[in-house]
Amino acid sequence: MSTGRGTTGPTKRDRREEARETARKMREEAAKKAKRRKVVVQSSVIVGILAVLAIIAVVVFTSVGGATSATNPKNMASGGVLLTSPTKATTTPAIKSGAQPTPTKMELNGKTAHIQIWLDYQCPFCDQFETTNNSQIKQWLDEGSATLEVHPVAILDSTQNKQYSTRAAAAASCVANSQPDKFFDVNAALFANQPDEQTGTGLTNSEIVKILKDAGVDSQSVTDCVNKQTFASFVTAMTQGATSNSQLKNPTSGGFGTPTVFVNGERYQGGFTDAAQFAAFKDAAVKDAGSGKTITFPTAS
């Protein structure tokens, strides 16, 4: 169509096609914007999920760390209680978070027997050793001719005994933390009242508290400690350490078992019900070790 000015304007059809093209471009742009918003939202959600997973991972890692995050008792820097007499324990700070137990170092003098025992309060063989040797070990401690380091561990937990091994060892650790000088008596009392391993259901925390009270430990702080199982994680960590320590593995069986007994770094492999045999071994270990040197316990057998 002529306008009289030498130019031809767009037809109605051209304008309609142009409008359609413009609408198409607008739809495409809107779609692109929607896609970008979706990507941004998805990215934000993914970042949020990753952040939550990271927090969960930190919590799980800390929990798996066991001893690194556990509440640790005082006076058990080596993982055990070191007694220099029946009523005198060596005091130490608690193992710091993230730190390992510090093995005991002893200076040998050719006279003193340094006895170490890893025991489980549910273990019948530990009870046999304790019942057989308690009196003479007490005498040696009284005379100053021996020291005794007791490491409570838990390898005989079961559903039936309601994890009695851990609960009893944790209770003993409560005593070590608050009244360490009563540890010898409590150790003996727990074995004197040991539940039957095969048919027993373990003792309740209340029954354990009564045993401690009868042995001379009667304080609310210890009772609360036992009931809350404050040092259960510590016992678990020390048990894991003992079972993985090559120095503590029995060369005969190739594994760790209780009781594990050392005297001046030498492993006792005699009978658990023969006091004379253990006394003879103790005397020989003192003589064999000699004097004038310092050793770190335990040493390889």
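This is a predicted model: local features need pLDDT of at least 70, side-chain atom pairs count only at pLDDT 80 or more; totals for chains, interfaces and linings use all residues.
Select T166 to begin. T166 sits in helix α3, which covers residues 164-178. With a relative accessibility of 11%, T166 is buried, because the limit for that class is under 20%. To see what else surrounds T166, set aside its neighbours within four places in sequence; the residues in contact are then A154, D157, Q229, A232 and V235.

Next come the salt bridges, of which the model has 4. Among them are the following stops.

Go to helix α2, residues 124-143, and select D142 and K138. Their side chains form a salt bridge, with 3.5 Å from N to O. The two residues are 4 apart in the helix, so about one helical turn separates them. D142 is exposed at 52% relative accessibility, whereas K138 is partly exposed at 34%.

Move on to D185 and K182. Here the closest N and O atoms of the salt bridge are 3.4 Å apart. D185 is partly exposed, with a relative accessible area of 31%, and K182 is partly exposed too, at 25%.

Finish in helix α5, residues 205-214, by selecting D214 and K210. The salt bridge between these side chains has an N to O distance of 3.0 Å. D214 and K210 lie 4 residues apart in the helix, which means a separation of about one helical turn. D214 counts as exposed at 58% relative accessibility, and K210 counts as exposed at 51%.

Key: Residues are numbered from 1 along each chain as its sequence is written. Side-chain values use heavy atoms; hydrogens and water are left out. Buried means under 20% relative accessible area, exposed over 50%, partly exposed in between (1.4 Å probe, protein chains only). Contact means heavy atoms within 4.5 Å.
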